[in-house]
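I opened a new notebook for this structure.

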Amino acid sequence: MANAEPTTPDTLPAWQALLRHAERHRATHLKTLFARDCQGKRFAHFSRRVAGLTLDLSKQRWDEPTLAQLLALARQAGVADAIDGLLSGRRVNQSEDRPALHTALRLPADATLSVDGEDVVAAVHQSLAQMETLVKRLHAGQWRGATGKPIKRVINLGVGGSDLGPQMVAHALADFRPDDIHPLKVHFASTMDGSQLADYLGRLDPETTLFVLSSKSFTTVDTLSNAGTARDWLLSRLARKGATSIRPELVIRQHFIGVSASPEKMTDWGIAPAHQLRFWEWVGGRYSLWGTIGLPIALVIGMANFRRLLAGAHALDEHFASAPLADNAPVMLALAGIWNVNFLDIRAHSILPYDGRLEYFSAYLEQLEMESNGKSVTRDGASAGYSTCPVLWGQLGPNAQHAFYQLLHQGTQPVVCDFIAPLSRYDGVSDPDTRRLLQSQHRLTLANCFAQSRLLMLGDEAIADDAPRPAHKRYRGNQPSTTVLLDRLTPETLGSLIALYEHKVFVQATIWDINPFDQWGVELGKQIAGQTQRILEGDAAPDGMDPSTRGLMEAFWQLGRKNPAG
């Protein structure tokens, strides 16, 4: 008997029912949905409260029948079973035949989770204990460079998940830096052209600088290129300072920490085993900040606060595991996205934090969502004949108001927005006058956050006056949005916030029937880049190159012939 054609989610009865529902519902304006809410229950019905977060989905373009049909789709797609499979260690990453156990990185020490006969929780906490030992040495000023001076600067060399996550969290929680530690500044360098690294190397002291080489495979060209430059800089600058008798292996041992799933490659590079931190193949790079890749975070906020970050994420994990689908915050957030992308044809999504400490959160979510769900093939190898991940972008909301909000309010593109803000800030400022002034500024920030989502929703009706307005001053409204409020921005609530979006991504991948834990498109790009580099350097012929790429190469070669010294 011939194998049956793989079933794609758009053939499910609930998907087909939603298509019919969307045809009837698409023309309904958000202001109409709110006008129907005579008893004022819409916010209560479409909001959820969990782990220090308030999730408001009432400004989405849906109603109770829409949500009921979306929940039916989630059940038919097997979301509940998929959640159990993710958290219990099933091989949910089918293309690489392994689990995706980033949630295990934040399990408490007394938990157990066996995968292939290994208690992964024990291994995780052993790695955290080793990381804590290194953090305490650096915080106590006991880590000495090759010339005996204490380390004062740490540069994290990573890219993608080894850079975006740690940098985002370290910046967001910088207020939680312990007061009683040796002065230590943490920097991040990721670009392969060396521009970020060059800025640091031009002004830092090699005797007091430590590098963290973070790469899951320990083969990432961007990171290893920066690491090679850092190693050569250390050796040449130390020699210039008169430290010519210092052996190169001592310099590498005292000025490099490695974080990787490939200990043998770290050893081959020269990193001492005692300065190697492990993580596992079952942790995807963009999900790895919870473990030893989070070393820069712990260096900024201390291990106690790092464990608070893990606890906040674990609280959200427990909610994700136990809450019914209709009360499950990540599921609800995911279903709103499915409704927008697949049934309202809204394929642009903007992330808008209203807190400067969350400056890098938009960039972090861009990778988390688009690298995870930017796929067009189902788990069974069928072509996805429906949209998957939308295009994400964003920046700090107060700045974006003066940049691209014009398009949101009066442009031709439908866009869904996520507004993110803490409810309380500056309550720890000791001076009462300063606290009062800063809290007034925070209220202004919240006022802008709430007002913008209201205007996107209602359009002209959000404006109190009845004065006639010319066409160029009209606001159509009907742009859906989500608001996520943190009680306060703390390690716990930031952990919950990140986990909320991680699980949202997984639920959407389950419904779209795609694997969110591989990134073969990225890997192919690396392979082609390597081939192109060999041609540019003259180690391979440009045979088979398309005319455009060959023309670009010719431009490079011609400039080199005109300016050989360059």
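**Entry 1: the largest cavity**

I looked up which elements line the largest cavity. Helix 14 (329-343), strand 10 (348-353) and helix 19 each supply at least two residues of that lining. Helix 14 gives the most, with three residues. I take helices (H or I, at least four residues) and strands (E, at least two) as DSSP runs numbered from the N terminus. The model is predicted: local features need pLDDT of at least 70, side-chain atom pairs count only at pLDDT 80 or more, and totals for chains, interfaces and linings use all residues. Residues are numbered from 1 along each chain as its sequence is written, and side-chain values use heavy atoms, with hydrogens and water left out.

My search ran on a 1 Å grid over the protein atoms alone. A cavity is a set of points where a 1.4 Å probe fits but cannot get out. A pocket is an open set with protein on both sides within 12 Å along at least five of seven lines. Lining residues have an atom within 4 Å of a point. Points are joined across faces, edges and corners, and a volume is the space filled by probe spheres set on the points.

The largest cavity has a volume of about 60 Å³. Its lining includes Gly337, Asn340, Val341, His349, Glu369 and Lys504. By class, I noted five nonpolar, four polar and two charged residues there. For these classes, Ala, Val, Leu, Ile, Met, Phe, Trp, Tyr, Cys and Pro count as nonpolar, Asp, Glu, Lys and Arg as charged, and the others, Gly among them, as polar.

**Entry 2: the second largest cavity**

How many cavities of 30 Å³ or more are there? I got two. Gln60, Leu333, Asp418 and Thr482 are among the residues that line it. Helix 14 and strand 12 (416-422) are the elements that give two or more residues to this lining. Helix 14 has the largest share, four residues. The lining divides into three nonpolar, five polar and two charged residues.

**Entry 3: the largest pocket**

Next I turned to open space. The largest pocket has a volume of about 1000 Å³. It is lined by 40 residues, and the closest to its centre are Ser217, Thr220, Val522, Glu523 and Lys526. Helix 9 (221-240), helix 15 (361-373) and helix 20 (520-536) each supply at least two lining residues. Which helix gives the most to this lining? Helix 20 does, with seven residues. By class I recorded 12 nonpolar, 18 polar and 10 charged residues.

**Entry 4: the annotated positions**

I checked the UniProt record. An unreviewed entry places the feature "active site" at Glu371, His402 and Lys526. UniProt positions are given in the numbering used here, feature names are shortened, and annotations may be inferred rather than shown by experiment. The three span 156 residues in sequence, and the farthest two C-alpha atoms are 36.6 Å apart, so they do not all gather at one spot. Glu371 and Lys526 from this set belong to the lining of the largest pocket.

Lys526 lies in helix 20. His402 sits in the loop between helix 16 (397-400) and helix 17 (405-410). Are these two buried or exposed? His402 counts as exposed, at 71% relative accessibility. Lys526 counts as partly exposed, at 43%. My cut-offs: buried means under 20% relative accessible area, exposed over 50%, partly exposed in between (1.4 Å probe, protein chains only).

**Entry 5: the nonpolar core**

A nonpolar core is a set of buried Ala, Val, Leu, Ile, Met, Phe, Trp, Tyr and Cys residues joined through side-chain atoms within 4.5 Å. The largest has 119 residues, and Trp62, Phe361, Leu494 and Tyr501 touch the most other members. Helix 19 (residues 491-512) gives the most to this core, with 12 residues. Apart from this core lies another, of 24 residues, among them Ile155, Ile246, Met266 and Trp269.

**Entry 6: positive phi**

Most residues other than glycine have a negative phi. I looked for exceptions. Ala51 has a positive phi, near 50°, and lies in the loop between strand 1 (47-50) and strand 2 (53-56). Ala51 is partly exposed, with a relative accessible area of 30%. Asp513 has a positive phi of about 60° and lies in the loop between helix 19 and helix 20. Asp513 counts as buried, at 15% relative accessibility.
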